[in-house]
Amino acid sequence: MADPPGCCRPCVACLFGLYSCQWIKVNKKKGLRTTKCDCSWFLFLLFVFFSTVVWLYFTIIILNDFHNFNEFIFKQRKLWLDWSLVLLIATAVLITYSTVLLVLALCLQLCGQPLKLHWLHKILLISTALVVAAAFTGLGIKWAEEWRSARISLQATGPFLHIGVVGGMTLLAWPLASFIYHTHNTGLKVFLLLVYCIVMIALYLAPLQITSPCIMEKNQLPSKPALVGHRGAPMLAPENTLMSLHKAVDCDVQVFETDVMVSADGVPFLMHDEELTRTTNVQDVFPERAALNSTAFNWTDLQQLDAGSWFLERRPFHTVQSLSAGDRYEVTKQRIPSLEQVLEAAKQSNISIMFDLRPENHSDYQSFINATLEVILQSGIPPQQVLWLPDGFREQVKQQAPGIQQVYGRKRLQNEEEPLLHVNLPYQDMSSEEIRQYRQDNISVNLYVVNQPWLFSVLWCSGVTSVTTNACQVLKEMKQPIWLLPSNTYLMIWIVVDCTSALVILWAFFLLKKCSQRRWPAESETDVLLTKINSLMQE
């Protein structure tokens, strides 16, 4: 098979060697042809490539929630590791391999060379497909809410994904045209052209189904959502400590979100986990009691624990390494704060506090409610600065402290006896339409946990009241959503992209047809000469 113009023989030999692991001269490959089996492997390569691209997209999306996964693994295995780094490295390896192999195949096709995939590449491709399939299966079983995160992400990336996919499919027209002009199978030609045309028409019309709250005029943009510090500012200081609260105040956070437990001697204190092992040195101080519930310790014991050094040792966020020497010293001095200490700090900083009371299934939960209410009422903090999340004994709380703001962890019901004023929900649980409706009805909506700017942008455009975040220092700096497009501008971009794509595809088929017409006469004369020589030798 002759090389098309522009394909140098050393380059073709190198491409063929990398793809097929057969390092032979170009002129010795003339008897090789791309078989149906080779075509099947090429289609499988395309499938694996697109699967890894989709998985890469999911990987980027779930980074928003990956700290929760790290905490889950620690609870199960008592092993702390930033698994997001492992995931990114593994994904990068898979997509790099499949991309390189696909580029080799497309270049060989453009150069008119046979696609003879080596058996080792076949094994690695199958392994890649199995790994990606296992990843998607595990995601569906153990982390199903991330599928809803992906749906929300399309509101942020949909317009740009459309442009990218159209561009990629447009480039695919070159190897497709080359293959069509090389093959003699009319049925296969018609099938491939039909499939390609259907896919391109669907892509050209896809914006009709793409919706995003950020496609709006700039003067329609709602006010920026308020920031709620998730356990303070956990990227800048150990979570649920006074240092974390002060760092949150520096980030212009309006609400300090935390978790409260009550010690064995009735002192409410800040702690998220039921055990103390993740965020204190309890295994060093009380090794025989380390596995006990946090509420089994009295306040004197809790005050002996270091609640800061783990932050420097485990580095739960990449921001830890950028802390100043002064901040590092302050981290080592952190202790478990009592609710009384936190309320005093919140009162001085003029910041609200929102908290859950854990554990909800404890047999003494009502006494926990009473102890917590007593501390709040005695603290002197204005009741409107306290946002109450626990559902248990809510009516009792309303009677004893009517000024406290009641925040509900559910959507409103159809026949709500008392109208909701504040709701606190996972960001996956509310659509843009619901957020707008709640906003019209003067219901404050707080969504958690929002760390990535793309997600914050979508919720900002949707009109959410506030978001709970680990990354207050990042979201504080955002002056507007990442992107905002007027509908007319997006319509213009859509038309230009589609028209440009159609013209490039037509040009690719026209140009490659010209090249094939120049090449085929020379190849036909060679075939006639070889046939005559073969006939003479037989005679």
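**Entry 1. Getting my bearings**

I take helices and strands as DSSP runs, numbered from the N terminus. I note that the model I have open is a predicted one. I started with Gln 209, which I found in the loop between helix 8 (186-205) and strand 1 (226-230). Is Gln 209 buried or exposed? Its relative accessibility is 69%, and exposed means over 50%, so Gln 209 counts as exposed.

**Entry 2. Aromatic pairs**

I looked up how many aromatic pairs there are, and the count is 20. I picked Phe 58 and Trp 147 to look at in detail. Their pair is edge-to-face, with 4.9 Å from centre to centre and 70 degrees between the planes. Phe 58 belongs to helix 2 (residues 36-62) and Trp 147 to helix 6 (residues 145-171), so this pair ties together parts that are 89 residues apart in sequence. Phe 58 counts as buried, at 8% relative accessibility. Trp 147 counts as partly exposed, at 37%.

Next I took Phe 69 and Trp 143. This pair is stacked: the centres are 5.7 Å apart and the planes 25 degrees. Phe 69 lies in helix 3 (residues 66-77), while Trp 143 lies in the loop between helix 5 (119-142) and helix 6, so the pair ties together parts 74 residues apart in sequence. Phe 69 is partly exposed at 28% relative accessibility. Trp 143 is buried, with a relative accessible area of 12%.

I also traced a cluster. Ring pairs link Trp 55, Phe 58, Phe 136 and Trp 147.

**Entry 3. Charges over rings**

I looked up two arginines. The charged end of Arg 278 sits over the ring of Trp 310, 6.0 Å from the ring's centre. The charged end of Arg 289 sits over the ring of Phe 286, and here the distance to the centre is 5.1 Å.

**Entry 4. Helix 2 against helix 5**

How do helix 2 and helix 5 pack, and at what angle? I read an angle of about 35 degrees, with the axes 10 Å apart. The crossing of helix 2 past helix 5 is left-handed. On the helix 2 side, the residues in contact include Trp 41, Phe 44, Trp 55 and Phe 58. Among those they meet in helix 5 are Lys 122, Leu 125, Val 132 and Phe 136. I sorted the residues of this contact by kind: 15 are nonpolar, 3 polar and 1 charged.

I checked for cis peptide bonds. The bond from Arg 358 to Pro 359 is cis, with omega near -15 degrees. Pro 359 lies in the loop between strand 4 (352-357) and helix 15 (365-379). Another cis bond joins Tyr 448 and Val 449, with omega about -20 degrees. Val 449 is in the loop between strand 8 (444-448) and helix 18 (453-462).

Then I looked at phi. Lys 78 is not a glycine, yet its phi is positive, at about 55 degrees. I placed Lys 78 in the loop between helix 3 and helix 4 (83-110). Lys 78 counts as partly exposed, at 42% relative accessibility. Asn 240 is not a glycine either, and its phi is positive at about 55 degrees. Asn 240 lies in the loop between strand 1 and helix 9 (242-250). Is Asn 240 buried or exposed? I found a relative accessible area of 4%, so Asn 240 is buried.

Notes:
Residues are numbered from 1 along each chain as its sequence is written. This is a predicted model: local features need pLDDT of at least 70, side-chain atom pairs count only at pLDDT 80 or more; totals for chains, interfaces and linings use all residues. Side-chain values use heavy atoms; hydrogens and water are left out. Helices (H or I, at least four residues) and strands (E, at least two) are DSSP runs, numbered from the N terminus. Buried means under 20% relative accessible area, exposed over 50%, partly exposed in between (1.4 Å probe, protein chains only). Rings of Phe, Tyr and Trp (its six-membered ring) pair if their centres lie within 6.5 Å; planes under 30 degrees apart count as stacked, over 60 as edge-to-face and the rest as tilted. A charge sits over a ring if NZ of Lys or CZ of Arg is within 6 Å of the ring centre and within 35 degrees of the ring normal. Axes are lines fitted to C-alpha atoms, for helices over the stretch in contact, and angles run from 0 to 180 degrees between N-to-C directions. A crossing is left-handed if the near helix is turned anticlockwise from the far one by less than a right angle, and right-handed if clockwise. Contact means heavy atoms within 4.5 Å. Ala, Val, Leu, Ile, Met, Phe, Trp, Tyr, Cys and Pro count as nonpolar, Asp, Glu, Lys and Arg as charged, and the others, Gly among them, as polar.
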